[in-house]
Amino acid sequence: MVCFVACCSIFPTIRSTKIKSRQVKTLPLSIVCVTSGSNGKFNTPSSRAIARARKQKMREKDDRLDYGHAFVRPTLKNEIVKQVVRKKLAKQRHVVLVKAIDPSYLDALFPSMLELFQPQTVNYNGGIGKVPEWKISCYLEVMDGGVPTTNPNTQLLNLFSPLLSACNEIFMDWYRQQHACNDRKTSTPFVNCHRLMTFITRYTPAPGEQALLKHVDGAGKVDGSIVVALPVDRWSASEEENAFEGGGLTFWDGPKQQEIHYDTRSGDLALIDRAVWHQADPITKGTRWALVIFYKVIRDTSGAASDQS
């Protein structure tokens, strides 16, 4: 019969302490060895066995990562569940998750982002947030037909690709829970999501650049969106010079359109359902950066799943 014992060379006061199999996973690999048969002799595990055990532990570690990415805050899945319950009780359709993305990961992206960021001027019919000429965003992905621009920044898209993949998973996890109890007679299962548009916005105190006032994303034609607060720019100038005053997000949500303000900072992530009124609040100093993603949810009408993009 095979059993696990604590190695006496590591713990001299312990002779032959038997350990239940389910406890082995909690022991360091260096202090576990195997004894077989009735002679009770200690046999050192083979290098192949140790390698297999290490791979298993790495797989278990990866499984513990929320959404499979080290830069996503651990326990985020559990927090989304709790937040959705609270918001649904209040009949609200948005969630803001503090430090959902590791700020140090965003810091690592920022210098390259600064080099690649090229704002593109876009003219909207009737304006966007009361600004007819929008010129503070750089578009990584655009809608079919080249809306709002025919020249998306593919280099920025490549830089942010891992983060965008994580955002897809976070969005779908939240969206399924947010809509889980809707009328099943009229709804179909949610299979996946497709990013309709992705862009990075830099707010400044200049006229027309301070804010994106009260609006709904995509004029209500998108199923939901994500806003990720990016770091304060400490690379092009000092943090003191670029640190912003004001800013954050305000929502009007719930049966009485309650006004709710969030002082969002680097790594905070907002999940916004279709046609929820909100705004990026004005800043009076510095620069404020945000990553925005518009989504279309793919519903299963044929029983076949679609790939996430």
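Tutor: Start with a cut-off. Buried means under 20% relative accessible area, exposed means over 50%, and partly exposed is in between. Keep in mind that this is a predicted model.

Student: Why is Thr75 called partly exposed?

Tutor: Its relative accessible area is 47%. That value lies between the 20% and 50% limits, so Thr75 counts as partly exposed.

Student: Where does Thr75 lie?

Tutor: In the loop between helix H1 (47-64) and helix H2 (76-89). Thr75 has a positive phi of about 75°, although it is not a glycine.

Student: Which label does Lys91 get, buried or exposed?

Tutor: Exposed. Its relative accessibility is 60%, and the cut-off for exposed is over 50%. Lys91 sits in the loop between H2 and strand E5 (94-97). Its phi is also positive, about 60°, and Lys91 is not a glycine.

Student: What makes the peptide bond between Val147 and Pro148 stand out?

Tutor: It is a cis peptide bond, with omega at about 5°. Pro148 is in the loop between strand E7 (131-141) and H4.

Student: What does the protein chain contain overall?

Tutor: Its secondary structure comes to 5 helices and 17 strands. The chain has 309 residues, and 45% of them are buried. Among contacts with a separation of 6 or more, 75% are between residues 24 or more positions apart.

Student: Why is helix H3 called roughly antiparallel to helix H4?

Tutor: The axes of H3 (residues 103-116) and H4 (residues 154-178) cross at roughly 170°. Angles over 145 degrees count as roughly antiparallel. H3 is therefore roughly antiparallel to H4. The two axes come within 10 Å.

Student: Which residues meet there?

Tutor: From H3, Tyr105, Leu106, Leu109, Ser112, Met113 and Leu116. From H4, Gln155, Leu156, Leu159, Phe160, Pro162 and Leu163. By class, this contact of H3 with H4 has 10 nonpolar, 2 polar and no charged residues.

Student: How do you know that Cys193 is in no disulfide?

Tutor: A disulfide needs two cysteine sulfur atoms within 2.5 Å. For Cys193, the nearest cysteine sulfur is that of Cys167, 9.9 Å away. A search of the whole structure finds 0 disulfides.

Student: What makes Cys193 and Cys138 buried?

Tutor: Cys193 has 0% relative accessibility, so it counts as buried. Cys138 is at 0% too, and so it counts as buried. The limit for buried is under 20%.

Student: What makes strands E12 and E13 a pair?

Tutor: 5 bridges join E12 (residues 249-253) to E13 (residues 258-262), and the two strands run antiparallel. The threshold is at least two. E12 and E13 form a hairpin with 4 residues between them. In the turn, Gly254 has a positive phi of about 95°.

Student: Which sheet holds E12 and E13?

Tutor: An open sheet of 4 strands, in the order E9-E15-E12-E13, with antiparallel pairing.

Student: Why are E9 and E13 called edge strands?

Tutor: Each of them, E9 (212-215) and E13, pairs on one side only. Neighbouring strands of this sheet are turned by 10° against each other on average, direction ignored.

Student: Which label does Phe251 get, buried or exposed?

Tutor: Phe251 lies in strand E12. Its relative accessibility is 0%, so Phe251 counts as buried.

Student: What does Phe251 contact, leaving aside its neighbours within four places in sequence?

Tutor: Its contacts include His94, Val96, Tyr262, Ala270, Ile272 and Trp277. Ile260 is another contact, and Ile260 is also the bridge partner of Phe251 in E13. The C-alpha atoms of Phe251 and Gln279 are separated by 6.7 Å, with the two residues 28 apart along the chain.

Definitions and conventions. Residues are numbered from 1 along each chain as its sequence is written. This is a predicted model: local features need pLDDT of at least 70, side-chain atom pairs count only at pLDDT 80 or more; totals for chains, interfaces and linings use all residues. Side-chain values use heavy atoms; hydrogens and water are left out. Axes are lines fitted to C-alpha atoms, for helices over the stretch in contact, and angles run from 0 to 180 degrees between N-to-C directions. Angles under 35 degrees count as roughly parallel, over 145 as roughly antiparallel, 65 to 115 as roughly perpendicular and the rest as oblique. Contact means heavy atoms within 4.5 Å. Ala, Val, Leu, Ile, Met, Phe, Trp, Tyr, Cys and Pro count as nonpolar, Asp, Glu, Lys and Arg as charged, and the others, Gly among them, as polar. Buried means under 20% relative accessible area, exposed over 50%, partly exposed in between (1.4 Å probe, protein chains only).
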